[in-house]
Amino acid sequence: MTSPDFKKTSTRVVINALHAKSGGGVTYLRGILEHFAADQDLEFHLFLHEDQYELFAPVPDGIHLHLLDFRASFLGLLIWEQLAFPMLARLMSADVTFSPANYGPLFAPRTVILLRNALSVVGGERRFSKRLYWAGVAMITLLSVIGSRRTIAVSDFARRQLTFGIERFRRRRTATIYHGVNPVFRPQRRPDEENPFLLAVADIYVQKNLHGLINAMPSVLERFPEIRLKIAGRPIDDDYFEDVQALAIRHGIADRIDFRGYCTQDQLIDLYSRCKMLVFPSTVETFGNPLVEAMASGVPIASSNTSAMPEIVQDAAILFDPLDPEEIASTLVKLLESPEMAARLSEAGIERARNFSWERTARETCKILKEAAASASPA
């Protein structure tokens with residue numbers, strides 16, 4: 001760990017970022033940190049495991065970085081987060097502990113948590129070990145909600161689903177603060193008509209419902225045999241990734257599907273600019289960063305009609321039931337057959353994306369952190 005200067009000059013916020021390893025957690029912190037650094041009333045200390053450093057480098061000036069070196073196992077993280085981190089935060093005279101995950105160190109000073117991880121994914125799990133894991137996450141999320149000074153949800157859906165019905169008993173309700181979008185995502189459409197493709201942006205695990213999308217693709221290919229599907233995202237669950245690949249082989253369409261793996265921001269910008277549409281088949285999301293990136297880029301969207309997706313896209317997407325492959329297929333064909341609909345969704349998305357800003361997200365979050373620092377007891 002780096003050696004910090006613990007001389008206190010302003011309200012000190014320690015950020016427990018140990019769970020930000022992929023997907024929305026990384027996007028959130030990368031988007032918000034530079035705007036945190038601009039707040040003159042707050043002093044931010046970011047704690048990462050050394051294995052996470054490349055995900056966030058370079059850290060913005062004004063954010064004090066501390067790299068931790070411990071065995072990065074489930075048990076090692078649990079011990080650090082629940083035992084060592086609270087002691088370290090108190091040693092630093094931290095005023096607030098911010099955990100941009102559903103849960104964090106239960107005994108750290110004045111905790112603020114960010115409700116962003118959907119728990120209903122357990123409903124789609126058949127593996128006992130995974131169901132046990134999600135049950136544990138639900139339990140510690142509940143304890144964190146009860147013990148936190150303030151809670152922030154990334155959508156109204158997340159606020160309803162992740163406060164376990166106890167919000168009615170809290171004096172201070174959970175604040176809904178949407179994620180932002182990087183301004184590098186902007187309209188610059190040049191769809192590849194010679195090699196047309198659909199784009200899915202998602203790390204690969206069960207709630208992303210890529211198996212549902214692949215089950216729909218044979219029907220799409222019957223009508224548009226030239227189309228391909230590109231999937232931008234790293235495999236998080238290797239067993240599920242293998243199942244998805246095997247499913248594509250069984251359908252005889254493996255040669256029409258490109259698993260691109262992790263994509264840099266520049267690579268995503270290029271994919272958004274050239275795709276026919278973004279397909280977002282997830283069964284449960286509390287926000288959905290690719291939806292906002294695609295809207296800001298002017299990309300037509302076909303999305304699931306569940307959880308937070310309708311709240312985020314409003315009228316800027318055509319919706320489908322993610323559990324019905326036939327409906328997924330008919331929706332994709334409908335959009336592919338209608339350039340007029342695609343143009344309308346593109347314009348609606350650009351307009352809708354103007355409501356999302358990392359500067360606004362940071363400003364509203366800093367207000368919550370200051371309120372937590374001034375509070376005397378959990379509210």
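Which residue forms a salt bridge with Arg274? The partner is Asp270, with the closest N and O atoms 3.0 Å apart. This is a predicted model, in which local features need pLDDT of at least 70 and side-chain atom pairs count only at pLDDT 80 or more, while totals for chains, interfaces and linings use all residues. Residues are numbered from 1 along each chain as its sequence is written, and side-chain values use heavy atoms, leaving out hydrogens and water.

**Salt bridges**

- Side chains of opposite charge can pair when their charged atoms come close.
- The whole structure holds 15 salt bridges (a side-chain nitrogen of Lys or Arg within 4 Å of a carboxyl oxygen of Asp or Glu).
- Arg274 and Asp270 sit four residues apart in helix α8 (residues 265–274), about one turn of the helix; helices (H or I, at least four residues) and strands (E, at least two) are DSSP runs numbered from the N terminus.
- Asp270 is partly exposed at 26% relative accessibility (buried means under 20% relative accessible area, exposed over 50%, partly exposed in between, with a 1.4 Å probe and protein chains only).
- A network of salt bridges links Arg274 and Asp270 with Arg190 and Asp192.
- Arg159 pairs with Asp156, their closest N and O atoms being 3.7 Å apart.
- Arg159 and Asp156 are three residues apart in helix α5 (residues 156–162), so about one helical turn separates them.
- Arg159 counts as buried at 18% relative accessibility, whereas Asp156 is partly exposed at 28%.
- Arg228 and Asp258 also meet through their side chains in a salt bridge (2.7 Å, N to O).
- That pair links distant parts of the chain, 30 residues apart: Arg228 is in strand β9 (residues 228–232) and Asp258 in strand β10 (residues 257–261).
- Arg228 is partly exposed at 22% relative accessible area, and Asp258 is buried at 17%.

**Helix packing**

- Helices α6 (residues 210–223) and α7 (residues 238–251) have axes that come within 10 Å and cross at roughly 5 degrees (axes are lines fitted to C-alpha atoms, for helices over the stretch in contact, with angles from 0 to 180 degrees between N-to-C directions).
- That crossing makes α6 roughly parallel to α7, a label for angles under 35 degrees.
- Residues of α6 including Leu210 and Ile214 meet α7 residues including Val244 and Leu247, where contact means heavy atoms within 4.5 Å.

**Nonpolar surface**

- Phe74, Leu75, Leu78, Ile79, Leu83 and Tyr133 make a nonpolar surface patch of about 620 Å².
- Patches take residues with over 30% relative accessible area and no salt bridge, joining like charges within 9 Å and nonpolar side chains (Val, Leu, Ile, Met, Phe, Trp, Tyr) within 5 Å; accessible areas come from the Shrake-Rupley method with a 1.4 Å probe, and for residues only the protein chains shown count as cover.
- Helix α3 (residues 74–91) supplies the largest share of the patch, five residues.
- Leu83 lies in helix α3 and is exposed, with a relative accessible area of 54%.

Notes
Parallel < 35°, antiparallel > 145°, perpendicular 65-115°, else oblique.
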